[in-house]
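The following exercises are to be worked through with the sequence and the structure in view. Each task is followed by a solution in steps.

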Amino acid sequence: MSEHGHSHGASASARQLTLALGLTGTFLVVEVIYGFLSGSLALLSDAGHMLTDVMALALSLFAIRIGQRQADRRRTFGYRRAEILAAAVNAGALFAIGMYILFEAYRRLREPVEIQSTTMLIVAVLGLLVNVISARILVGGSQGSLNVKSAYLEVLSDLLGSVAVIIGALLIRFTGLTWIDPVLGALIGLWVLPRTWTLLKASVNVLMEGTPEGLDLDVLRADLAALPGVAEVHDLHVWSVTSGEHNLTAHLVVPGPEGGLLAQVHEVAERHGIEHSTVQLEPPGAHAGHEGHLHP
């Protein structure tokens, strides 16, 4: 794809994400306000779930904007890791919100409060409509961009939360069983917490420059060692600059001539989903007596 085409694609994705973010963010504020006014924990819990959507949309938009900034002398990898920093902060905040929802659900089961089911129902229906519109906006861009697709799936999953709150509001209205609200809120909170914990773990793994999830370092080492002319592999490191962008550095002991070895190394790296690899070739014994990294 040409740079010109990539720029137009990024601009289109940014417009879609901005529209969806505006809709979802505005309704998030409405849902929080009416969640307190109606006394519905389910609405507040769904607002916490919608907050994950807002964060996902904001991060996706942020990733597009920040990714367009060029690397400089202070940030030689560019500014793409800012997305991971934001994701880690957001995940920590959302995890705290989820724990609060569970505590509040327990408290309300012991001390029931009055629920305004009509307000709860109206706001939940409006939330469903907002999610449907946001999903329609994003569905086109989700076909050509993994970034937009992840945001689209987040919004789509929130439809379930809105439907659950609508069902809960109807049950409370016709049965008068107010315990349904805290139970529903707790269920939504329990559904959000594992997703938040997964996001937090993935973010910390990138920040700690851990091996990317899904990549088997032993298999990669074996594949590199099996290349013709390679006697040993050491100082092998694989990490992510940001989500989905992996880097590799390695030292290969090569007794004979290189003979196109570097091209084969890059092919192996690409098979493992690694876009950028830096390899140092060295003769036998060059690493003896040294610890850590070798420097030319």
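Helix α6 is followed by E209, whose phi is positive, near 55°. Helices (H or I, at least four residues) and strands (E, at least two) are DSSP runs, numbered from the N terminus. The model is a predicted one, in which local features need pLDDT of at least 70 and side-chain atom pairs count only at pLDDT 80 or more, while totals for chains, interfaces and linings use all residues. Residues are numbered from 1 along each chain as its sequence is written, and side-chain values use heavy atoms, with hydrogens and water left out.

**Exercise 1. Describe helix α6 and the place of E209.**

Step 1. Helix α6 has 28 residues and spans 41 Å from its first C-alpha to its last. This is close to the 40 Å expected at 1.5 Å a residue, where the expected span is 1.5 Å times one less than the number of residues.

Step 2. E209 belongs to the loop between α6 and α7 (217-225). Its relative accessible area is 46%, so E209 is partly exposed; buried means under 20%, exposed over 50% and partly exposed in between (1.4 Å probe, protein chains only).

Step 3. Most residues other than glycine have a negative phi. E209, which is not a glycine, has a positive phi of about 55°.

**Exercise 2. Find the strand that holds D235, and decide whether D235 is buried or exposed.**

Step 1. D235 is found in strand β1.

Step 2. With a relative accessible area of 17%, D235 is buried.

Step 3. The phi of D235 is also positive, near 50°, in a residue other than glycine.

**Exercise 3. Work out the arrangement of the sheet.**

Step 1. The protein has 8 helices and 3 strands, in the pattern α-α-α-α-α-α-α-β-β-α-β along the sequence.

Step 2. The 3 strands form an open sheet in the order β1-β2-β3, with mixed pairing; two strands pair if DSSP finds at least two bridges between them.

Step 3. β1 (232-242) and β3 (276-282) are at the edges with a single partner strand each, so one side of each has no neighbour in the sheet.

Step 4. Strand β2 (residues 245-253) runs parallel to β3 and is joined to it by 7 bridges. In this pairing, T249 stands opposite T278 in β3.

Step 5. Helix α8 (residues 261-271) packs on the sheet and touches β2 and β3; contact means heavy atoms within 4.5 Å. The direction of α8 makes about 140° with that of β3 (axes are lines fitted to C-alpha atoms, for helices over the stretch in contact, and angles run from 0 to 180 degrees between N-to-C directions).

**Exercise 4. Which residues have the most contacts inside the largest nonpolar core?**

Step 1. A nonpolar core is a set of buried Ala, Val, Leu, Ile, Met, Phe, Trp, Tyr and Cys residues joined through side-chain atoms within 4.5 Å. The largest has 22 residues, and L28, M120 and V165 have the most contacts inside it.

Step 2. At least two residues of this core come from each of α1 (3-38), α2 (41-67), α4 (117-139), α5 (146-175) and α6 (180-207). The largest share, 6 residues, is supplied by α2.

Step 3. M120 lies in helix α4 and is buried, with a relative accessible area of 0%. Leaving aside neighbours within four places in sequence, M120 is in contact with residues including L43, V165, A169 and I172.

Step 4. A second, separate core of 18 residues includes L224, V230, A250 and A269.
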